[in-house]
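Welcome! Have a look at the structure first, then read on.

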Amino acid sequence: MWLLGLPWALALLVTTTSSSPSAATPDPASIFADLSPAELRAVRTFLMEQPELGLSPSQGGPLAKNSLFLVELLPPKKRAALRFLEHGGARPRREARAVIFFGAQAEPNVTELAVGPLPQPSSYRVLRFKGGRAVPFWARPMTRVEYELLHEALVAALAPLEPLLREATGFGFQNCSERCLTFSDIAPRGLGPGERRTWMVIQRFVEGFFLHPVGLEVLLDHADPEPRRWAVRQLWYNGRYFGSVQELAESHARGTLPLVRLPEPPGPPHLFSSYEPRGRFASGTPTEVHGAKVCEPQGRRYRLRGNRLEYGGWSLAFRLRSSAGLQLFDVRFSGERVAYELSVQEAIAFYGGHSPAAMQTKYMDAGWAMGASSYELARGVDCPETATFLDAHHLLDADGPVRFRHALCVFELPTGVPLRRHFDSDFQGGFHFYAGLEGRALVLRTTSTVYNYDYIWDFLLYPNGVLETKVHATGYIHATFYTPQGRRYGSRVHTHLLGNIHTHLVHYKVDLDVAGSGNSFETMDIRFENISNPWSAGARVVQPWLHREPRRREREAALPLGRPAPRYHLAVTRHHENEPSSSSIYTQNDPWDPPVTFESFIRDDETIEDQDLVAWVTVGFLHVPHAEDIPNTATPGNAVGFFLRPFNFFNEDPSVASRAPVIVRPLDPPAFSHLDIRRWTPPSPGACVHPEPFTYNGTYRQV
């Protein structure tokens, strides 16, 4: 059995079949590898040359055009992959998933294609969502071209407000090269299907501009493919709504507008949204010197071959898909598969507030391509100096692959607590033995910086067969302009700044294959009994017992996060090839009728006994922002995750295979003057220094 450890429930998958031995095939993990820059270019070139598609470059030009938005690996079907991995079958056809915006036609839409075979594509076919759902053009993600047009439309529309903005903020939009205003856009973009009207929070463009709203929010309708027909529909300033730009401008001109004059922002050393040090710790202990570091005194204890990662008993394949981020495949321990896939599906943040932008904010970050927001990891800060850093290449809203330097890292981490230990006292001032095994874990990490928020995504592999999935939230809070009415929706974190209450929810796919793909599901719960004491007449014993409950159908295996449904902290469903993901890049702009609806996965209430099962896990936390979230939300206390733990799967703790324990036995008790110290590693770890100075590049450029 393999245990799925959750904050709310104890859940396990029960094995029913045996797995076959792995076939010896060259580089099997590569069937799950992300597309190389050459493959990305080949797919784009092939599609651009197909006259029936009529594709134009992604950058420049109008919105009403046919353009290639996204190219990434289309993973092989599970059945084909397992035939190859387990039985020596044919290598699965390597294909790409291509997302095309067809805007230059009478009925614009978004179409997904499978393109292959790679590395030299020669054909394509249409990919369809479950139920044959089509993707309307207005559900498409935003592009750089649309943002540029939004900015132009906003600047032109707000020209009558320039005197107001200059007087209130000292910043402006018109003919701006410095002391400029900017905006953050909110989603969903409307209140129903077919809409594409976005509330935008106007901010002063200084370092950490997310924390510098000026009190103006603008609703811009940009549903029409022709930007000349875009228009401002409504405005909100300092707690009041206005039906037009002219109405707000006239109110200011008449002197009837309660104007909030913002103080001049100080320079970076004193700017509250800056990382510049300020103040001193009361203890006076040094912070100008380096602190504790991770080191590898005898070299790396893991092996990285392409996208195959091996560590102790662990072996897995990984990729960083542009749409939703980290994805593990073929996860094995001691050569036996425990999971076919473990992947991030979606990250959601629901907000509350008094301003229209705050109350409308329901971010669904797959719609912002959070996997392609994997910017450079800093050595010694984001990952230890000893880490192995890997680049990623994305073709998203670009006319060629873009290299994201050091987008992932792999490192072994001392946990700071023993994996296990025992001191066996003789209760007479001595001991029979001491034994301990140092705590270590291998970490695979990437980040997603989705505008203001930074998510740190980790998979941790422990030597005792435990796999931990964890996400930390940091970065800038999504904040709005402070009004007294807003206090019920958060905290006043600065003079004119409200930190809005919000809930983070992260969804994972866990396709467990425990000793094969034929599994069942049951939950275990603790119950209590009050029974007569069998060895003392008249006495009673209150004690816990394990209540096991088989979950035989999908509805029984959907454990609700709370009322009302549908939102589940754990749901177990039958594996289907047409249910590869629980969300999509279109849900953000079409949450009302999205092409992927997770509820449809369990609606048919299929049997889940002795079947190929997928567990869908939701973790999350409530965030009530506070002053200490300035300048950024800190990671302690803002991390969630879950564990996969073996449960009667092994005969003993598999970490006994490690050669890193220390065992101490006295040779001459009770004197204890001679000790037998058993170690299988060198007596001293040696020097622990990383000689290279800190460097950082930070660019992500087309290659």
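In this predicted model, the charged end of Arg492 sits over the ring of Tyr482, 3.9 Å from the ring's centre.

- Phe101 and Phe137 form an edge-to-face pair, with 6.5 Å from centre to centre and 90 degrees between the planes.
- This pair links distant parts of the chain, 36 residues apart: Phe101 belongs to strand S4 (residues 95-102), while Phe137 lies in the loop between strand S7 (135-136) and helix H3 (144-157).
- Phe101 is buried because its relative accessible area is 3%, under the 20% cut-off.
- Phe137 counts as buried too, at 8% relative accessibility.

**The pair Tyr375 and Phe404**

- Tyr375 and Phe404 form a tilted pair, with centres 5.7 Å apart and 45 degrees between the planes.
- Here, too, distant parts of the chain are linked, 29 residues apart: Tyr375 is in the loop between strand S18 (362-364) and strand S19 (388-396), and Phe404 is in strand S20 (residues 402-414).
- Tyr375 is partly exposed, with a relative accessible area of 27%, whereas Phe404 counts as buried at 6%.

**A cluster of rings**

- Ring pairs join Tyr147, Tyr351, Tyr363, Trp368 and Tyr451 into a cluster.

Terms used
Residues numbered from 1 in each chain as written. Predicted model: local features only at pLDDT ≥ 70, side-chain atom pairs only at ≥ 80, totals over all residues. Heavy atoms only, no water. Phe/Tyr/Trp six-rings, centres within 6.5 Å; stacked < 30°, edge-to-face > 60°. Helix = DSSP H or I, 4+ residues; strand = E, 2+ residues; numbered from the N terminus. Buried < 20%, exposed > 50% of the residue type's maximum accessible area, 1.4 Å probe, protein only. Lys NZ or Arg CZ within 6 Å of the ring centre and 35° of its normal.
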